[in-house]
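Trainee: I would like to go through the labels used for this model and the cut-offs behind them. Where do we begin?

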Amino acid sequence: MLHVAGQRLLSGERRFLERQLRRAVKRVIYPEPIARLLARMVRQVSARNVTVGPNVTCTMTRRENVRDQGDVSISGGLIPIASEVMTEAAYFLRARGGPSEPARWIYSPGDPSATSHYGPNFALSGFMMKGMYFGPADPPVTGQLAV
């Protein structure tokens, strides 16, 4: 089942995405390839709709850990720093670790060579972390709001 929120997908976009997701789910056991397909669709919609930005943050939590209220650990995705490997695929590479690894997030900029990287907002039982930023001391002002 695919639920689209925010901006509509055109019928051809939805059919294409559903077909790609169906194929991927049969072949993969980790979430990164699925996240990459979804990020590509966000960028496709961004190209035709100015209210959608091209930067994507994906948060991935194993199903069995969703209701876990014990120790919380969330790790960041890979951030390629050498210009030779700053490609879309590099952001979605799977970091080494077993299936019991903690929840993690991936920030994939619309421009793979971007040097500014952002993290997700996080809240749990009265604890809040927001505005995670990695990059130059003076971040560029883009006018986009990450939610």
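**Labels and their cut-offs**

Trainee: Why is Arg40 called partly exposed?

Mentor: Its relative accessibility is 41%. Buried means under 20% relative accessible area, exposed means over 50%, and partly exposed is what lies in between (1.4 Å probe, protein chains only). The value for Arg40 falls in between, so Arg40 counts as partly exposed.

Trainee: What are the ground rules for the values?

Mentor: This is a predicted model, in which local features need pLDDT of at least 70 and side-chain atom pairs count only at pLDDT 80 or more, while totals for chains, interfaces and linings use all residues. Residues are numbered from 1 along each chain as its sequence is written, and side-chain values use heavy atoms, with hydrogens and water left out.

Trainee: What makes the contact of Arg40 with Glu88 a salt bridge?

Mentor: The term requires a side-chain nitrogen of Lys or Arg within 4 Å of a carboxyl oxygen of Asp or Glu. For Arg40 and Glu88 the closest N and O atoms are 3.1 Å apart, so the pair meets the definition. The bridge links distant parts of the chain, with Arg40 in helix α2 and Glu88 in helix α3 (residues 88-91), 48 residues apart.

Trainee: How many salt bridges does a search of the whole structure find?

Mentor: The search finds 6. One of them joins the side chains of Glu13 and Arg48, at 2.7 Å from N to O. This pair also links distant parts of the chain: Glu13 is in helix α1 and Arg48 in helix α2 (residues 32-48), 35 residues apart. Another salt bridge joins Glu18 and Arg14, with the closest N and O atoms 3.0 Å apart. Both of these residues lie in helix α1, 4 residues apart, about one turn of the helix.

Trainee: Is Glu13 buried or exposed, and how do you know?

Mentor: Glu13 has 7% relative accessibility, so it counts as buried. Glu18 is at 26% and is partly exposed.

Trainee: What is said of Arg43, and which side chain of opposite charge is nearest?

Mentor: Arg43, found in helix α2, is buried yet has no salt bridge. The nearest side chain of opposite charge is Glu88, 4.0 Å away; Lys and Arg count as positive and Asp and Glu as negative, while His and the chain ends are not counted. The side chain of Arg43 reaches the backbone oxygen of Ser108 at 2.7 Å.

Trainee: What makes the pair of Ser116 and Tyr133 a polar contact?

Mentor: A polar contact is a pair of N or O atoms within 3.5 Å; within protein, one must be able to donate a hydrogen and the other to accept it, and residues adjacent in sequence count only if both atoms are side-chain atoms. The side chains of Ser116 and Tyr133 make such a contact at 3.5 Å. Ser116 is found in the loop between β3 (103-108) and β4 (117-118). Its relative accessible area is 8%, so Ser116 is buried.

Trainee: Which residues gather in the patch of positive charge on the surface?

Mentor: They are Arg15, Arg19, Arg22, Arg23, Lys26 and Arg27. Patches are made of residues with over 30% relative accessible area and no salt bridge; like charges are joined within 9 Å, and nonpolar side chains (Val, Leu, Ile, Met, Phe, Trp, Tyr) within 5 Å. The place of a charge is taken as NZ of Lys, CZ of Arg, CG of Asp or CD of Glu. Arg23, in helix α1 (residues 11-27), has 46% relative accessibility and so counts as partly exposed.

Trainee: Which residues form the nonpolar patch?

Mentor: Ile79, Ile81 and Phe134 form it, with about 320 Å² of accessible area together. Areas come from the Shrake-Rupley method with a 1.4 Å probe; for residues, only the protein chains shown count as cover. Ile79 is found in the loop between β2 (74-76) and α3. With a relative accessible area of 34%, Ile79 is partly exposed.

Trainee: How many helices and strands does the protein chain have?

Mentor: The chain has 3 helices and 7 strands. Helices (H or I, at least four residues) and strands (E, at least two) are DSSP runs, numbered from the N terminus.
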